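Please look at the aromatic rings in the structure below. The numbered points that follow are my notes on them.

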Amino acid sequence: MEEEEIAKTAKPKAKKDVAPGRVIDTYAAQCDKCHKWRVIDSQDEYEEVRSKMLEDPFNCEKKQGRSCEEAADIDYDSSRTWVIDKPGIPKTPKGFKRSLVLRKDYSKMDTYYITPTGKKLRSRNEIVAFVDANPEFKNAAPLGDFNFTVPKVMEDTIPSDLKLASPIVTSDMRISKQ
């Protein structure tokens, strides 16, 4: 089974921002050949891998200087909360940012898109309204490239006592090719 994982360093900007540990902080992909996890350097690179995963599965050799003979970069365990994403989700349109936030109760993640102007869009209707109000994005940001499919939280990695869970628990995401 081919799988990938994503994440990102949490950098809160304001009091309303999400607490660290509920955002993606590490991006990685699982090798299609040896099944070892390789850290992916950025969200942009991860989205490229994820968008092409069905037709071009990830393998260790795609990471410069890596091979299946080397140890994994990261291990699947309960030291962090993991979530599974679907393969083939399109790469986020240029200038926009796809943001995933884990709910406080660990029940699921929410998907948002941040516009080049900094506005947070929570639904397809909000994206349509934004593009209609900003025609310069009509061709640069096709509606089909905005995907609100939420990743599945892996229950075996949810902290057993949410009240005692460390605020620095990291959330990782992987994609499963089915």
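**Notes on the aromatic rings**

1. Phe96, Tyr113, Phe130, Phe137, Phe146 and Phe148 are joined into a cluster by ring pairs. Rings of Phe, Tyr and Trp (its six-membered ring) pair if their centres lie within 6.5 Å; planes under 30 degrees apart count as stacked, over 60 as edge-to-face and the rest as tilted. The model is predicted: local features need pLDDT of at least 70, side-chain atom pairs count only at pLDDT 80 or more, and totals for chains, interfaces and linings use all residues. Residues are numbered from 1 along each chain as its sequence is written, and side-chain values use heavy atoms, leaving out hydrogens and water.

2. By the pairing rule there are nine aromatic pairs. Tyr113 and Phe148 are edge-to-face, because their ring centres are 5.3 Å apart and their planes stand at 80°. This pair links distant parts of the chain, 35 residues apart: Tyr113 is in strand E6 (residues 109-114), and Phe148 is in the loop between helix H2 (124-133) and strand E8 (152-153). Helices (H or I, at least four residues) and strands (E, at least two) are DSSP runs, numbered from the N terminus.

3. Tyr113 is buried, at a relative accessible area of 0%, while Phe148 is partly exposed, at 21%. Buried means under 20% relative accessible area, exposed over 50%, partly exposed in between (1.4 Å probe, protein chains only).

4. Phe130 and Phe137 make a tilted pair, with 5.4 Å centre to centre and 35° between the planes. Both Phe130 and Phe137 are buried.

5. The protein has two helices and nine strands. Of its 178 residues, 43% are buried.
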